[in-house]
Amino acid sequence: MKVRAVLVTLALTFLLTGCWDRVEIEDQIFPIAIAVDKGVVHKYRMAVRIPMVGTIRTGMLGGERSKTTSEIVTVEAESVVQGIFTANATATRRFTLRHLRGIAVGEDLAREGLGDLYMELSRNGEVRDTAAFFVVRGSAVEFLKLARYPGEINPGKLAEGLLLVEKHLHMSPPIRLQHMLNRSGLLGVDPFAPVFGINRGVTGESQPPGTTASAIAGDLYRLDGNPAELAGTGIFRDTRLVGYLTVDETQALLALRGEMGKAYMTFPDPFRPGDKIQIRFHQENKPKVRPSFNGQGPQVTIRLLFEGEVLSGTENFWDPAVRRRLEEAARHHMEQQVQSVLAKTIKWGADPVGFGLRFRSRFATWDDWSRYHWRTQVPKLKVTVTSEMRIRRFGLTLAPLQQKQEK
Amino acid sequence: MAKPKLAYGSRSLAAFGTLMVAVQVFHPAMLSILQAGETAAWLSALLSAVLTALLVWPVGKVLERIPGGNVMDLVRIALGDFGEIAAALVLGAIIAHRGGIYLRETSEMATTAVFPHTPQTFGTTTILLGAAYVAWGDGASLVHHGRMVLFGFLCAVLLILAGTFGWGEFRYLTPVLGPGLGKLLAGLPQVSSLYVAALLPLLFADGVERREGLARWISVVPLSGGIIFAAVVLVLLIVFPFPGGLNIGAPLHSAARLVLGGRFFERLEGFWLFAWVETTILLLGAMLMGAATAFAKAFRMDRHRTAVLPLAALMLTFAFFPHDQAETIEALHSSAFIAFVIMIPVPAVVAGIAYLRLRGRPS
């Protein structure tokens, strides 16, 4: 009886699929990315990137089949689902969002607020909250049309590849839809997202910008290659985009949150004015954050500790004084970035660092916390940051190669 | 040769009871903990588990004195034959109603999340057929089956918790006292309604041969269920923080959708869907069998099977009372407190009366 009961109940669960939801994989098309902009006629203008499954090379012996591995369909619609249906009118198979890997949102729409879009995406049983999320400076549809990643032969892996780059270089934060959904509805932290941009220097529409300083996507000093680039962070206040952070500021934001992995920083060379020096660095410890209240408003003291290694430079690092001076310059640069992040976000009334969550724990009940009106406290927030940079390694060569000296 | 009577131990009964209580982690019933406890929902789950354990312990203690008896025997001792019939009718109605709501809500969630084209009638009928088949058997098979499934169930839940842990932040658990200690305590009866299934071990206690320690193992049911609830609620709160997390219909299923182990290890919620439906079939089967057994005792029927199909039909009818998904969840919440009072504190009172009547008699 026992075995029969087990078998029957297990078999019944398989039966639940019934005949109604049987779906053949070859009857479907899986859009891998969507770009959503504010519509001209309808609510949204959307571009849907569809992989051309037959042309994707797989495995080592895949060989060259076609240069086009995905196609774009652009539509206008009142909702994402309607947009997908509209795009589906061009195909002989059913579109399903079950393998949607990336969602890019245009600047105009993001500045208006993404509440409606979030609601629709979170209700949709096909859309995964694990999809990568991006904000685009300018038009997301244009970005999706122009973006080309020649190194990536499988468009299905594109979003995962971008997330890998984000995690490796920390030029932009690795964010998924779930992060945006959670932080948009939460009192005590605001969402932030990686930024895509179209480089007009590459498209030939304008000259490249004249600086190599830390920048945002769209402003990187490049002459050719993929017109789309991923760098910097878009800061949201609840569901609305309020501003951008540069690459260095992104690293500072991640450091303040304790989420910075190994990152790269280029800063003024303290030994050669006008030159730059580059280090790779990471956080030695999680930031030590002490929240407190004073008469005027909330106050936070943060201590950051970094550890780095030199990647460029022409100095003799055998000399302890040189090492100390370099550490001081790197620390100073990083603190400047941190201060810049804090100044910008406090001005925007946003709290991407999540200081509010630190203060939440100081309240016993949710009612007490709600009555504190964190949103109105953010502009009054006073943050004191101290940091330390320890340069531990100097590459394979600790001093410049000796030049011959004539007597 | 007479067929030996099938029996089981107190420990198996506790494992079966724990599964019956803990199954609700997959269901929207979990929302009642989150609503009542807010950021302190885990504490609420633990406190209500202790409250329920304190209420079922005396019932188990009196049952230790009645070999081969269950909670219906206590009712007969305390309230007489008429009381037993009335109790069976009330119990049958409550079980059919709650079972119907569970049935509908499981089918609704399966339709919403996985099988959008499958008709409700097919989903509910298929699950109910499985439950009726389970209830058609005998108590010992069900209890042993429950004990066996508990291990797989715990593995499935632990996998979800481990897989989604990284999405959250511990600071989402603050403020520590949630709505405040007063509101937290006031909400305990509502939260305790999740432990209604703790009545099932009391109904299946007649199969326990060795009665020593029965009360202790019966008290373990809500306590272990409470620990599972608290662990699940802790992770849910850090993954779907309050207050937004309250609006997710089946939070553990949504959590399962977040499990991501790289490019080649994702979309694993199918496994948990399997665990969800399988354990729901067992819960509904146990509810049907429990109510049928109560009917059989009260109406002096030879076999409980006679009552299984009418109760299943009643359950199916209740399943289609709510108009939509939201009404289904509301029906579950609105009937929760009454169901809890009738199924947990009332048996405790009945056990007290039975104890007074049994005092002085040899066990």
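A nonpolar core is here a set of buried Ala, Val, Leu, Ile, Met, Phe, Trp, Tyr and Cys residues joined through C-beta atoms within 7 Å. In this predicted model, the largest such core has 138 residues, and those with the most contacts inside it are Ile33(B), Leu74(B), Val232(B), Val233(B), Leu284(B), Leu288(B) and Ala291(B). Helix H12 of chain B, which spans residues 269-298, gives the most to this core, contributing 18 residues. A second, separate core has 101 residues, including Val136(A), Leu254(A), Ala255(A) and Val378(A). Once its neighbours within four places in sequence are left aside, Leu284(B) is in contact with Gly99(B), Tyr102(B), Leu103(B), Ile127(B), Leu128(B) and Ala131(B).

Chain A has 407 residues, of which 42% count as buried, and its secondary structure comprises 13 helices and 15 strands. Among the contacts in chain A between residues at least 6 apart in sequence, 69% join residues at least 24 apart.

Strand S6 of chain A (residues 102-106) is largely enclosed by the rest of the structure, because five of its five residues are buried. In a regular strand the side chains alternate between the two faces of the sheet. Both faces of S6(A) are covered, with Gly102(A), Ala104(A) and Gly106(A) buried on one side and Ile103(A) and Val105(A) buried on the other.

How values were computed
Residues are numbered from 1 along each chain as its sequence is written. Chains are lettered from A and ligands numbered from 1 in the order in which they are written. This is a predicted model: local features need pLDDT of at least 70, side-chain atom pairs count only at pLDDT 80 or more; totals for chains, interfaces and linings use all residues. A residue is buried if 20 or more other C-beta atoms lie within 10 Å of its own, exposed if 12 or fewer, and partly exposed in between; C-beta atoms are placed from the backbone. Helices (H or I, at least four residues) and strands (E, at least two) are DSSP runs, numbered from the N terminus. Two residues are in contact if their C-beta atoms, placed from the backbone, lie within 7 Å.
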